[in-house]
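Please look through the sequence and the structure shown here before reading the briefing that follows.

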Amino acid sequence: MKNSLLQTPIEYLKGIGPQRGQLIRKHLGIHNFNDLLHHFPFRYIDRSRIYKVKDISEQSQYVQLVGRIHHISVVGEKRNKRLTARFSDDTGSIELIWFQSVDWILKNLRPNEYYLIFGKPQRFKNSFSIPHPELELFSDRSPSSLQGKGLQPVYSSTETLRKQYLDTKGIQKLVQQLIEQLTEKDLPEFLPEKLIQSQNLIKRFDAFKNIHFPANETLLQQARQRLKFEELFLLQLKFLIQKNLRQKRSQGIVFPAIGKFFNTFYEHHLPFQLTGAQKRVLKEIRRDTLSGRQMNRLLQGDVGSGKTIVAFLAMLMAIDNGYQACLVAPTEILARQHYETISAMAAPLGIYVALLTGSTRPAERKMILSNLRNGAFHIAVGTHAILEDKVIFKNLGLAVIDEQHRFGVAQRAKIWQKNIQTPHVLVMTATPIPRTLAMTIYGDLDVSVLDELPPGRKPVKTVHRIEADRERVFNFIKREIANGRQAYIVYPVIEENEESDLRSLMEGYEAVTRWFPLPDYAVSIIHGRLHPADKEYEMQRFVRGETDIMVATTVIEVGVNVPNASVMVIENAERFGLAQLHQLRGRVGRGAEQSYCILMTKDKLSSTAQMRINAMCRTNDGFVIAEQDLKLRGPGELEGTRQSGDIALKLADLAQDSDLVFAANKEAKNLLEQDPELELPENLMLRNYLLSLADQSPWAKIS
């Protein structure tokens, strides 16, 4: 399926050569003709419309005008030389300016002739000018003479490339030259004809031609539709094939029994009535562990939706069938939190739980490793330390990975090697994932959703405040403390500027202690540079209620559970993404009392920041928040996607093209149900195309 012409190294395209080829490889990642073909325009300029001078405004991006050039003059000398001219149509005039190639342009200008000019207007004081416009003599001024101009593509470039004349116009010429060489044989169809017809898609060759040089908006939209669908369909197909292969190769451990541990806990020790969503997910897990196939399930649920109790009940299924279980968390704080929760639930059942982290003492570590190997410990809870080769289980049957986006693919893969038979895997996240993103990124996992909160929880009230409201905010915190509650005040720490951010945190801490002085108030502080033991000491003081306020960075984003805390103040909230703001808000509202989240920002916000703040104040629904985050930031920026597999979408937008995502998913499933091995004659081209891609873009493995 590999095409020899499209695999030609880029330096062999006329006009590039070795030197420019090296630059274009380095700056744009274009190594061959195929890469150039996939270097799509990021926008288009309409060259089929003629504007009038009177139509030019500050909103005008590019304009095309027809008129006469007159009053030509040269000002300055040498480097300061510039050429100016007046350009007029029947509605007014505008100045044209050139700073480069002045002599050549002056020599070729024809005063009082009609020109078609094209450029980007700039405003200076009260008048507009067009620097370095494109010029074309325009003797035929009829509308039909513009038909061939269509939509002009605009390509991304860099300053270094522009100096080598590889600006958008230079790249445009290269792409034009490439497309003129191509035939339909170079871009053969690989999608089945039936699929092309059902989705009403244009030919692949026509799509590439019209994505670069569309004659009109209709052809552009048809090209985008074809190529977006192709991207999404291939991605869905890869994940579904990978899922099928895993299920065939990975024979799963079977948990035939629901025994005394599960039943005793469920009937006598369950701390609260399970929600309908929790019961539904447990049935899904039960079905997986009976199927004979390895479970590879993503459990996503909003903050406080009860994922931990579901994970513990799944562990009891494993233990009832003679297997061990483990829970891996990304931070020591979160691991310890899980250990305390799970130990408390396991104690009445006589189940032994170990805690294994990087700070576990050598003697204790030796004892834990021995008891995991001989089966005396039923459950291990810990950090990345559990993934080390030295940690050997007697019979691991279930691995739970919490906040799974914090773990790299290679780290998660180590779980598979902890037993001869691959353990069942349950990965959890409290960062709600939009459906389109879940289907695209986690396509080879089965997805369970906890979309109900336990009864009795009150929605957190979220408000936006600015610096002028500071006294009002702190007085409110004092009232909450007087009522026996506690508060968090969180400051951002961004790695790129850690020193100044840490200074900001310490200055904030000093300001808080002035507002809340001893002995009336006690204030804790936690940040990433604290020694783990000091961090744990401060955390436990807050948990026990010995301090009223915790000043912290985002280290408290996950895993901190203090039901008595009712106020979350987020300083410089405009510096946080929506997902992180939602996670931080989830640290409060965990008890029966009304809780509050206060977003402190500077007075003036960018439009994007204002949209984030508005979204937080408008809803507590994490899935609504996630959809908004996807629209604002795109999938590559959403927390978790970087490590979970390359999305590799050049055209499709998971926020804007949700209908196409669902259509591609449906078509991919239908195709594989009818022809799992892609062996039917009508699917052979697709099979060969997928095989040709395998060494170019490895399929991301999620677990």
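**Briefing on selected features**

Helix 11 is largely enclosed by the rest of the structure, because 13 of its 14 residues are buried, where buried means under 20% relative accessible area, exposed over 50% and partly exposed in between, with a 1.4 Å probe and protein chains only. This is a predicted model, in which local features need pLDDT of at least 70 and side-chain atom pairs count only at pLDDT 80 or more, while totals for chains, interfaces and linings use all residues. Residues are numbered from 1 along each chain as its sequence is written, and side-chain values use heavy atoms, with hydrogens and water left out.

**Helix 11**
- Helix 11 covers residues 307–320 and reaches 20 Å from its first C-alpha to its last, close to the 20 Å expected at 1.5 Å a residue, the expected span being 1.5 Å times one less than the number of residues.
- Helices here are DSSP runs of H or I with at least four residues, strands are runs of E with at least two, and both are numbered from the N terminus.
- Gly 322, whose phi is positive, near 85°, follows helix 11.

**Gln 421**
- Gln 421 lies in the loop between helix 14 (409–413) and strand 15 (424–429), and Gln 421 is partly exposed, with a relative accessible area of 31%.
- Leaving aside residues up to four places away in sequence, Gln 421 touches Gln 251, Gly 252 and Ile 253, where contact means heavy atoms within 4.5 Å.
- Although Gln 421 and Asn 395 are 26 residues apart in sequence, they are 9.1 Å apart in space, C-alpha to C-alpha.
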